[in-house]
Amino acid sequence: MDVTSASKNVMNNLVGANLVGGEKPKTATDSKNSIKGQEESQIQKGNSLLSGVDVETKEGKEAVMKRASKIDAKLLSQEYAMQFLMGATSNSQNNLGAQSALSKGDTNAVRALLNSIDAESIGYKGKPLGSLTAEEAKALVSGDGYFSKDKTAERIADFVIMGAGDNLNKLQKGREGIERGLKEATKIWGGDLPDISQETVKLALEKVDKRIEELQKAQSALNVEA
């Protein structure tokens with residue numbers, strides 16, 4: 001797959017996960033409410049928006065609005081980070097779940113698992129996974145197949161790296177999402193995932209860690225210059 005096609009697949013995955021455009025998942029509202037509750041608790045403890053200002057004056061009103069805008073920005077940033085974490089978790093879980101099942105041949109249990117996976121959300125547009133023959137499944141996890149070790153690791157890592165951009169916090173949340181996705185896929189599988197999936201996660205994390213290191217070095221350089 002060339003870079004352009006890979007980028008399009010990742011961007012489609014991000015849209016499907018509601019991380020670029022589209023509506024936000026309902027769970028994001030719960031996350032925001034939780035964070036908002038924490039902020040309100042802090043305010044009640046003395047960090048009030050109204051502390052030390054006269055709301056009857058123009059300056060006082062502007063000060064309150066400025067404080068409120070900062071809190072809103074923080075809430076939105078934390079909400080997006082949590083949303084990104086959930087998206088990375090789902091992406092990793094679906095990719096690893098499909099890959100594991102396809103690598104283990106043709107059984108009723110495998111077909112049931114494949115039918116439960118949201119293949120479209122990870123960019124797969126081929127024959128329905130649950131209806132593949134053993135030969136077709138093997139082809140998908142071998143060589144240059146869509147669910148091969150290298151291709152799957154690239155998709156998982158690119159989802160996080162491209163979605164996070166230059167935001168180190170989001171990148172770290174995305175990395176956490178990959179690990180959570182592995183745990184969720186393992187629970188569904190009922191034990192350790194096949195070697196191909198274990199190796200895939202290792203490759204994906206290496207790619208993300210390399211990007212994290214790059215951003216950390218860039219930030220350190222900026223701090224030194226400042």
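This is a chat about a predicted model of a protein chain and some of its local contacts.

Q: What's the overall make-up here, how many helices and how many strands?
A: The protein chain has 8 helices and 0 strands. Keep in mind that this is a predicted model.

Q: How much of the chain is buried?
A: Of its 226 residues, 38% count as buried. The chain exposes about 12,800 Å², and carbon and sulfur atoms supply 51% of that area.

Q: And what share of the contacts comes from residues 24 or more positions apart?
A: Taking contacts in the chain with a separation of 6 or more, 70% are between residues 24 or more positions apart.

Q: OK, aromatics. How many aromatic pairs turn up in the whole structure?
A: A search of the whole structure gives 5. One of them is tyrosine 80 with phenylalanine 84: their ring centres are 6.4 Å apart and the planes sit at 10°, so that pair is stacked.

Q: Where do tyrosine 80 and phenylalanine 84 lie?
A: Both are in helix α3, which covers residues 58-102. They are 4 residues apart, about one turn of the helix.

Q: Is phenylalanine 84 buried or exposed?
A: Phenylalanine 84 is buried, with a relative accessible area of 0%. Tyrosine 80 counts as partly exposed because its relative accessibility is 24%, and the cut-off for buried is under 20%.

Q: Which residue's ring pairs with phenylalanine 84 at 6.3 Å?
A: Phenylalanine 159. The planes of those two rings are at 5°, so they count as stacked too. Phenylalanine 159 is also buried, as is phenylalanine 84.

Q: Which helices does that pair tie together?
A: Phenylalanine 84 is in α3 and phenylalanine 159 is in α6, so the pair ties together parts that are 75 residues apart in sequence.

Q: Switching topic: which rings does arginine 155 lie over?
A: Arginine 155 lies over the face of tyrosine 146, at 3.9 Å from the ring centre. Arginine 155 also lies over the face of phenylalanine 147, at 5.1 Å from that ring centre.

Q: What about serine 148, where does that one sit?
A: Serine 148 is in the loop between α5 (134-141) and α6 (149-164).

Q: Buried or exposed?
A: Serine 148 counts as buried because its relative accessible area is 2%.

Q: What does the side chain of serine 148 reach?
A: The backbone oxygen of glycine 143, at 3.5 Å. A polar atom of the serine 148 side chain also lies 3.4 Å from the backbone nitrogen of lysine 151.

Q: Leaving aside neighbours within four places in sequence, which residues is serine 148 in contact with?
A: Gln99, Leu140, Val141, Ser142 and Gly143.

Q: Last stop, α7. How many residues does that helix have?
A: Helix α7 has 22 residues, 168-189. From its first C-alpha to its last it reaches 32 Å, close to the 32 Å expected at 1.5 Å a residue.

Q: What caps its N-terminal end?
A: Asparagine 167 does, with a side-chain oxygen 3.0 Å from the backbone nitrogen of asparagine 169.

Q: Which residues of α7 are buried?
A: Among them are Leu168, Lys170 and Leu171, plus the glycines Gly174, Gly177 and Gly181. Others on the list include Ile178, Leu182 and Ala185.

Q: And what happens just after α7?
A: Glycine 190 takes a positive phi there, of about 90°.

Note on methods
Residues are numbered from 1 along each chain as its sequence is written. This is a predicted model: local features need pLDDT of at least 70, side-chain atom pairs count only at pLDDT 80 or more; totals for chains, interfaces and linings use all residues. Side-chain values use heavy atoms; hydrogens and water are left out. Helices (H or I, at least four residues) and strands (E, at least two) are DSSP runs, numbered from the N terminus. The expected span of a helix is 1.5 Å times one less than its number of residues. Buried means under 20% relative accessible area, exposed over 50%, partly exposed in between (1.4 Å probe, protein chains only). A polar contact is a pair of N or O atoms within 3.5 Å; within protein, one must be able to donate a hydrogen and the other to accept it, and residues adjacent in sequence count only if both atoms are side-chain atoms. Contact means heavy atoms within 4.5 Å. Accessible areas come from the Shrake-Rupley method with a 1.4 Å probe; for residues, only the protein chains shown count as cover. Rings of Phe, Tyr and Trp (its six-membered ring) pair if their centres lie within 6.5 Å; planes under 30 degrees apart count as stacked, over 60 as edge-to-face and the rest as tilted. A charge sits over a ring if NZ of Lys or CZ of Arg is within 6 Å of the ring centre and within 35 degrees of the ring normal.
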